[in-house]
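Please keep the sequence and the 3D view at hand while reading.

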Amino acid sequence: MSTAPALAHTREELATLLAKHDDPVGFVPTMGALHEGHASLMRVARERIGDDGPLVVSVFVNPLQFGPGEDLDRYPRTLDADVEVCAREGVDIVFAPGVDEVYPGGEPQVTVDPGPLADVLEGRIRPGHFRGVLTVVAKLFGLVRPDVAVFGEKDYQQLALIRRMVLDLNMGVEVVGAETVREADGLALSSRNRYLDPEQREQAVALSRMLRAAQDAAAYGASSALAAARAELRAAQGVDLDYLVVADPGLGELPDDVPAGTEARVLVAARVGPTRLIDNMPLVLGRGKDS
C-alpha cells in the first residue's frame with residue numbers, strides 16, 4: 001500500500017517538512033490534474049536524488065501565466081486524485097498552496113523578465129505567459145530550494161526558458177528535461193486532452209503525425225522536414241494551426257545547409273475544437289538518404 005505524502009498548504013508547513021531532511025531535494029512543479037506524464041517526471045526526479053532524498057511535487061494553478069480569455073477558471077482542480085498519483089510514485093511532500101501563499105502581496109510588482117525567447121512561438125501567441133511561468137518557478141525554487149527540478153519536454157519552450165533563467169540568475173538548480181509520454185496512437189499526454197470529445201480526440205493525433213513526418217524527412221534537411229510536416233497538416237481534419245516550425249535546440253533560426261548529425265526541434269501548436277494543444281519532437285538533420 002502506498003504511503004500518503006505529507007500535504008503542505010502554507011510556506012511555513014512546507015519549510016517545517018523540508019527541515020526534517022538533509023538529503024538532496026527533488027522537485028516537480030505542476031498545475032495539478034496529474035496524469036502518467038507527470039508521474040514519469042516524478043520517477044525521473046527520484047532516480048536523480050536517490051531513495052533517501054525528499055521528493056516534492058507542487059500543485060498550483062498559477063494565475064499569472066494565464067492571459068485574458070484563457071482557461072484559468074476552466075482548468076481542472078483535482079487535488080485528491082493528484083495526491084493519490086503522488087502517493088503511488090513515492091512523493092514525500094505535496095505543496096498545494098493558495099494564491100495568497102504564492103503571491104502574498106497580491107499581483108507582484110517584481111517579476112522575472114523572460115527575455116527575447118519569450119517573444120516567439122508560445123510567447124507570440126500568449127503575450128506575458130512566460131513572465132508568469134518564470135516568476136512562479138523562481139518563487140517555488142525559493143520556497144522548495146531543490147537540488148534537482150524536472151520538467152517535461154512537451155513544454156519545450158518553457159523548459160528552455162527555465163534553463164536560461166537558472167543559468168542567468170545563478171540559481172544552482174539542476175534542471176532536467178524528461179521525454180514526453182504519449183498514448184499508443186502518439187497523442188502527447190496533456191491535462192487539456194480531457195476537453196476533447198471523441199471526434200476531436202481522433203483529430204488531435206494529427207499533431208504527432210506531423211512531427212513524425214518531420215522526423216522521417218529530417219535526413220534531407222530542415223526544409224524537407226518542415227515540408228513533410230505541412231503535408232500531414234494539409235491532410236488533417238479539424239486542426240487550426242497556430243505555428244509549425246523547425247528550430248535549433250535553443251529555438252533559434254536554423255539554416256537548411258547544416259552539417260550531418262545537427263540536432264534540431266520541430267514544434268507545433270494548434271486548436272482542435274476549442275482546445276489548444278502543443279507538441280514537439282527532436283530531429284537529427286542532414287544524415288542523408290543512405291545514413
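In this predicted model, three strands make up an open sheet whose order is S7-S8-S9, and their pairing is antiparallel. Strand S7 (239-247) and strand S9 (275-285) are the edge strands, since each of them pairs on one side only. Averaged over the sheet and with direction ignored, neighbouring strands are turned by 15° against each other. Helix H9 (residues 222-235) packs on this sheet, where it touches S7 and S9, and the direction of H9 makes about 170° with that of S7. Strand S8 (residues 262-272) is joined to S9 by eleven bridges, and the two run antiparallel; as one example of this pairing, Leu267 has Asn280 in S9 as its bridge partner.

**A parallel pair**

The pairing of S2 with S3 is parallel and extends over five bridges, and within it Gly26 has Leu55 in S3 as its bridge partner. Because five of the five residues of S2 are buried, this strand is largely enclosed by the rest of the structure. In a regular strand the side chains alternate between the two faces of the sheet. In S2 both faces are covered, with Gly26, Val28 and Thr30 buried on one side and Phe27 and Pro29 buried on the other.

Ser58, found in strand S3, has a relative accessibility of 0% and therefore counts as buried, the cut-off being under 20%. Apart from its neighbours within four places in sequence, Ser58 is in contact with Phe27, Val28, Pro29, Thr30, Phe95 and Leu140. Ser58 and Phe27 are 31 residues apart along the chain, while their C-alpha atoms are separated by 7.8 Å.

**Helix H6 and the cores**

Does the length of helix H6 agree or disagree with what its residue count predicts? Helix H6 (residues 129-144) has 16 residues, which at 1.5 Å a residue should span 22 Å, and its end C-alpha atoms are 22 Å apart, so the two values agree. The buried residues of H6 include Phe130, Val133, Val137 and Phe141. After H6 comes Arg145, whose phi is positive, near 50°.

The largest nonpolar core has 42 residues, and those touching the most other members are Leu14, Val56, Val137, Phe141, Phe151 and Ile162. Several elements each supply at least two residues of this core, among them helix H1 (11-18), strand S5 (148-152) and helix H7 (156-168), but the largest share, eight residues, comes from H6. Phe141 illustrates how such a residue connects to others, for beyond the residues up to four places away in sequence it touches Phe27, Pro146, Ala149, Phe151, Ile162, Val166, Met171 and Val173. A second, separate core of 30 residues includes Leu187, Ala225, Ala264 and Leu283.

**Annotated positions**

An unreviewed UniProt entry gives the annotation "active site" for His38, a residue placed in helix H2 (residues 36-49). Not counting residues up to four places away in sequence, His38 touches Thr30, Gly32, Ala33 and Ser191. One of these, Ala33, lies in the loop between strand S2 (26-30) and H2, and with its neighbours within four places set aside, Ala33 is in contact with His38, Pro76, Thr78, Asp82, Ser191 and Arg194.

Gln65 sits in the loop between strand S3 (55-59) and helix H3 (79-88). Leaving out residues up to four places away in sequence, Gln65 touches Met31, Glu70, Arg126, His129, Gly132, Val133 and Val136.

| Residue | Relative accessible area | State |
|---|---|---|
| His38 | 13% | buried |
| Gln65 | 10% | buried |
| Ala33 | 1% | buried |

Terms used
Residues numbered from 1 in each chain as written. Predicted model: local features only at pLDDT ≥ 70, side-chain atom pairs only at ≥ 80, totals over all residues. Heavy atoms only, no water. Pairing = 2+ DSSP bridges. Helix = DSSP H or I, 4+ residues; strand = E, 2+ residues; numbered from the N terminus. Axes fitted to C-alpha atoms, helices over the stretch in contact; angles between N-to-C directions. Contact = heavy atoms within 4.5 Å. UniProt positions renumbered as here; feature names shortened; annotations may be inferred. Buried < 20%, exposed > 50% of the residue type's maximum accessible area, 1.4 Å probe, protein only. Expected span 1.5 Å × (residues − 1). Core = buried A, V, L, I, M, F, W, Y, C linked by side-chain atoms within 4.5 Å.
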